Amino acid sequence: MSAFEPFEAFGDIDEISQRLTSPDPAVRRLAVIDLVETSSGEAVSALAQAVNDADAGVRLQAARALGEFDGADVAKALVRALLDPEADVARAAADSLAELRDPASSAILLPLVTHASSLVRAAVLRALKALQASASLGPAVTALGDDDPAVRVEAVGVIGYLKLTETLPSLIHATKDDHASVRLAAVSALSFARTEAAAQAAADALADREWQVRAVAAETVGRIGQTAVAAALIGSLGDGFWQVRQKALQSLGKLRIRGAVDAIIPFLEDVLPSLRKDAAAALGEIADPKARDALAARVHDEDPDVRKTASWALGQIKARN
């Protein structure tokens, strides 16, 4: 006989569901937690009941718990929680909705894209992004004109996740939005494209008034892979924020822009080790022999990552020339 007893069960669904009728809200909250622990799809109907509980704490726990499950029935229950008068419950439902992966849920969510509450509109678009349903494209494009920037950000997310070339004009227009969070999301969403128009829009964003947008723009240019906008990227090496300069260095290396070598070499002397490392990495990607002497000096850099990267870059130059 084994010395160990079987792991104690949390009880069957019927027994736990019965506890949801207890007059004590604390007992009902614990019952919701136990329903999640069963990991059984049969728990969904009981959790759907709990989102209508008289106690806000029970409803909050149920909204969180439903995030562990999936399917149209889960979506229906979470929509009810999303419309809860308690803000904490509604926010928890919004977070759980974002975990949905069943495509059937999109039909339940789409009608709410035009709901009076901006929180609901944003939450629904956020959920639709992960579902990647083609039917969400039209509503998302319309939502780019929403009064609430949080809704516009989520609309950009839906469009970006669908990765359709025909949506580029909408994304490019969003890179000029009045709100920085929308511009940042739109510039990042351009990464899937490989067109000159997308690259130019990202390059234009290198002049954005917010450094966070400029940093994302520098990274996006590298991801798009169009070298025609290299001049703007080289210009970003003079940006006032090191984060932008770093992304520009990385993208110039990724694009292997030989014309950037003279502008990159001075960064091997930068006070920031991370920029010295990225400069060495970029020069290694480009592998122009003119960077050999400058890289050789960095083989003895005080920072071990810089030394290692400089040695690697020298190896690249030797191998490719």
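# Glu-154 and other charged pairs

Setting aside neighbours within four places in sequence, Glu-154 touches Ala-122, Leu-125, Arg-126 and Lys-129, where contact means heavy atoms within 4.5 Å. Bear in mind that this is a predicted model: local features need pLDDT of at least 70, side-chain atom pairs count only at pLDDT 80 or more, and totals for chains, interfaces and linings use all residues. Residues are numbered from 1 along each chain as its sequence is written, and side-chain values use heavy atoms, with hydrogens and water left out.

**Glu-154, a charge without a partner**

- Glu-154 sits in helix 10, residues 149–162; helices here are DSSP runs (H or I, at least four residues), numbered from the N terminus.
- Glu-154 is buried, and buried means under 20% relative accessible area, with exposed over 50% and partly exposed in between (1.4 Å probe, protein chains only).
- Despite that, Glu-154 has no salt bridge, a salt bridge being a side-chain nitrogen of Lys or Arg within 4 Å of a carboxyl oxygen of Asp or Glu.
- The nearest side chain of opposite charge is Lys-129, 4.4 Å away; Lys and Arg count as positive, Asp and Glu as negative, while His and the chain ends are not counted.

**Salt bridges**

- The whole structure has 19 salt bridges.
- One of them joins the side chains of Arg-59 and Asp-84 at 2.6 Å, N to O. This pair links distant parts of the chain, 25 residues apart: Arg-59 in helix 4 (residues 56–65) and Asp-84 in the loop between helix 5 (72–82) and helix 6 (87–97).
- Arg-59 is buried at 10% relative accessible area, and Asp-84 is buried at 10% too.
- Glu-285 and Arg-256 also pair up, at 3.7 Å, N to O. Glu-285 is in helix 18 (residues 273–286) and Arg-256 in the loop between helix 16 (242–255) and helix 17 (261–264), so this bridge ties together parts 29 residues apart in sequence.
- Glu-285 is partly exposed at 29%, and Arg-256 is partly exposed at 46%.
- Arg-276 and Asp-301 meet at 2.9 Å, N to O. Here helix 18 supplies Arg-276, while Asp-301 comes from the loop between helix 19 (292–298) and helix 20 (304–320), 25 residues apart.
- Arg-276 is buried at 5%, and Asp-301 is buried at 3%.
- Arg-276 and Asp-301 belong to a salt-bridge network that also takes in Glu-269 and Arg-298.

**Packing inside**

- The largest nonpolar core has 105 residues; such a core is a set of buried Ala, Val, Leu, Ile, Met, Phe, Trp, Tyr and Cys residues joined through side-chain atoms within 4.5 Å.
- Helix 8 gives this core its largest share, eight residues.
- Leu-109, Val-156, Ile-264 and Leu-295 have the most contacts inside the core.
- Apart from its neighbours within four places in sequence, Ile-264 touches Leu-237, Leu-249, Leu-252, Ala-279, Ala-282, Leu-283 and Ile-286.
- In helix 6, the buried residues include Val-89, Ala-90, Ala-93 and Leu-97. Their cover includes helix 4, helix 5, helix 7 (106–109) and helix 8 (118–131).

- Most residues other than glycine have a negative phi.
- Lys-163 is not a glycine, yet has a positive phi of about 50 degrees. Lys-163 is in the loop between helix 10 and helix 11 (168–174) and is exposed at 54%.
- Ala-287 also has a positive phi, about 60 degrees, without being a glycine. Ala-287 lies in the loop between helix 18 and helix 19 and is buried at 1%.

Conventions. Helix = DSSP H or I, 4+ residues; strand = E, 2+ residues; numbered from the N terminus.
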